[in-house]
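I opened this entry to look up charged side-chain pairs. The notes follow the order in which I checked them.

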Amino acid sequence: MTTDRTIVFDLDGTLVDTAPDLIDALNHVLDREGLPPVPLEAARNMIGAGARRLIERGLEADGRHVGPDDIARMTTDFIAYYADHIAVSSRPFEGLEEALDRMATRGYRFAVCTNKLEWLSKRLLDELGLSNRFAAICGADTFGVSKPDPAILRQTVACAGGQLASAIMVGDAGTDIGVARRAGIPVIGVDFGYTDTPMADLNPDRLIKHMLELPGAVEDLIEISTS
């Protein structure tokens, strides 16, 4: 079966539970600055806006503010450490691969649109054995824009060989809702990711609590769009 439908996924907090390795890298940086570590559970919702913002949030948690040169240095340190420890504890969310298998039988193409750097995103998905499932893996540096700028979503869909008019976004945070709304496509929210604002309060078109609910949510949106 073939279809022109493209399902576009956020990465951190949507496809993969990356929090343990991201917060480990953050705490590596904080330790080198003589600062206390941030507990994993307290830091999960700091994730989602890229490495630089994660570091800024980690510093803010200790009441610290530093200049842009120090942030740049710490970001470089973070990326180097994280790249070498990218899949120590990170794992796909439960049910992901089964959900992708179900949708693949319908002929859907898949893409990743993330604010993570492209090469880090590919390295992570390579190490988890997931890269070959996606027609495109695009990050904040791929096109020079980040979510919620709709240009990153439009160009990700194009790179995957799809059409924006028949794409659906899947994500865990406000940037994912925002990029989908600005691009004019439906969005499915997951409630198990990283966000300060509960996903239900962000009003996605559909909300799922487990990845195995995703194929049904996609089919529901498609049925509505074609009725």
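Is R206 buried, partly exposed or exposed? I found R206 to be partly exposed, at 27% relative accessibility; buried means under 20% relative accessible area, exposed over 50%, and partly exposed in between, with a 1.4 Å probe and protein chains only.

The model is predicted, so I note that local features need pLDDT of at least 70, side-chain atom pairs count only at pLDDT 80 or more, and totals for chains, interfaces and linings use all residues. Residues are numbered from 1 along each chain as its sequence is written, and side-chain values use heavy atoms, without hydrogens and water.

I then looked up the partner. R206 pairs with D220 in a salt bridge (a side-chain nitrogen of Lys or Arg within 4 Å of a carboxyl oxygen of Asp or Glu), with the closest N and O atoms 2.6 Å apart. R206 lies in strand β8 (residues 206–208) and D220 in helix α9 (residues 214–226), 14 residues apart; helices (H or I, at least four residues) and strands (E, at least two) are DSSP runs numbered from the N terminus. D220 is partly exposed too, at 29%.

Next I checked D176 and K147. Their salt bridge has an N to O distance of 2.7 Å. It links helix α8 (residues 174–183), which holds D176, to K147 in the loop between β5 (136–138) and α7 (150–159).

D17 and R44 form a salt bridge at 3.4 Å, N to O. D17 is in strand β2 (residues 16–17), 27 residues from R44. R44 is buried, at 15%.

Last, I logged the total: 18 salt bridges. Shared partners join R52, R53, E56 and E60 into one network.
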